[in-house]
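Please look over the sequence and the three-dimensional view, and then follow the text from one part to the next.

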Amino acid sequence: AGMGRAQGGVVMYRIRGTVKLTGVVKKFAIVSGDDAVEYFLIPSLMKQPHIYTCLRPGSVVEFEPKPTPAGWRATDVTVLSITTKGTESHGTESLVR
């Protein structure tokens with residue numbers, strides 16, 4: 001559930017999600033959307049890429065979901081809140097499915 005806007009005849013919509021984990025070496029994050037889908041986030045698709053290093057599990061973001069051959073990606077990402085909890089959780093173990 002989010003605000004929609006028309007772009008080239010296609011309705012784009014934004015959803016909120018919570019950061020599940022972040023990668024330090026390979027800069028990426030996994031976001032669990034409010035729609036129960038997991039999204040891949042990379043800093044270059046954020047409105048404020050410099051804030052990426054502040055993201056921790058539990059941080060809340062808003063984004064436009066975009067399907068890719070590799071799965072769903074979070075694009076046009078805006079950070080809504082940053083948590084200070086979970087600073088030690090930078091593992092990638094849960095990426096294996």
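## A turn and its surroundings

At a relative accessibility of 72%, alanine 36 counts as exposed, because the cut-off for that class is over 50%. The model in view is a predicted one, and in it alanine 36 belongs to the loop that lies between β4 and β5. Its phi is near 70°, which is a positive value in a residue other than glycine.

The two strands on either side of this loop form a hairpin, with 4 residues between them. Strand β4, made of residues 28-33, pairs with β5 in the antiparallel sense, and the pairing runs over 4 bridges. One of the residues involved is valine 31, whose bridge partner in β5 is tyrosine 39. Strand β5 itself covers residues 38-41 and has two faces, of which the covered one carries Tyr39 and Leu41, while the uncovered one carries Glu38 and Phe40.

## The chain as a whole

How many helices and strands does the secondary structure of the chain come to? There are 0 helices and 7 strands, so that, read from the N terminus on, the order of elements is β-β-β-β-β-β-β. The chain has 97 residues, and 36% of them count as buried. Its accessible surface comes to about 5,900 Å², with 58% of that area belonging to carbon and sulfur atoms. When contacts between residues at least 6 apart in sequence are considered, 53% of them join residues that are at least 24 apart.

## The nonpolar core

The largest nonpolar core has 15 residues, and those with the most contacts inside it are Val31, Leu41, Met46, Leu55, Val61, Phe63 and Val77. At least two residues of this core are supplied by each of β3 (15-23), β4, β5, β6 (60-68) and β7 (71-81). The largest share comes from β7, which gives 3 residues.

Once its neighbours within four places in sequence are left aside, leucine 41 is in contact with Phe28, Ala29, Val31, Met46, Tyr52, Ala74 and Val77.

## Aromatic rings

A pair of aromatic rings is described by the distance of the centres and the angle of the planes. In this model the count comes to 3 aromatic pairs. In one of them, the rings of tyrosine 39 and tryptophan 72 have centres 6.0 Å apart and planes at 70°, so the pair is edge-to-face. Because tyrosine 39 lies in strand β5 and tryptophan 72 in strand β7, this pair ties together parts that are 33 residues apart in sequence. Is tyrosine 39 buried or exposed? With a relative accessible area of 2%, tyrosine 39 is buried, whereas tryptophan 72, with 36%, is partly exposed. Tyr39, Phe63 and Trp72 form one aromatic cluster.

| Residue | Relative accessible area | Class |
|---|---|---|
| Threonine 78 | 17% | buried |
| Threonine 83 | 18% | buried |
| Aspartate 76 | 25% | partly exposed |

Threonine 78 is found in strand β7, and it counts as buried because its relative accessible area of 17% falls under the limit of 20%. Its side chain is joined to that of arginine 14 by a polar contact of 3.3 Å. Not counting residues up to four places away in sequence, threonine 78 touches Arg14, Lys47, Gln48, Val61 and Glu62.

Threonine 83 has its place in the segment after β7. Which residues does threonine 83 touch, not counting those up to four places away in sequence? They are Arg56, Pro57, Gly58 and Ser59. Between threonine 83 and serine 59 there are 5.1 Å in space, C-alpha to C-alpha, although the two are 24 residues apart in sequence.

Aspartate 76 is found in strand β7. This residue has a positive phi of about 50° although it is not a glycine.

Notes: Residues are numbered from 1 along each chain as its sequence is written. This is a predicted model: local features need pLDDT of at least 70, side-chain atom pairs count only at pLDDT 80 or more; totals for chains, interfaces and linings use all residues. Side-chain values use heavy atoms; hydrogens and water are left out. Buried means under 20% relative accessible area, exposed over 50%, partly exposed in between (1.4 Å probe, protein chains only). Contact means heavy atoms within 4.5 Å. Accessible areas come from the Shrake-Rupley method with a 1.4 Å probe; for residues, only the protein chains shown count as cover. Two strands pair if DSSP finds at least two bridges between them. A nonpolar core is a set of buried Ala, Val, Leu, Ile, Met, Phe, Trp, Tyr and Cys residues joined through side-chain atoms within 4.5 Å. A polar contact is a pair of N or O atoms within 3.5 Å; within protein, one must be able to donate a hydrogen and the other to accept it, and residues adjacent in sequence count only if both atoms are side-chain atoms. Rings of Phe, Tyr and Trp (its six-membered ring) pair if their centres lie within 6.5 Å; planes under 30 degrees apart count as stacked, over 60 as edge-to-face and the rest as tilted.
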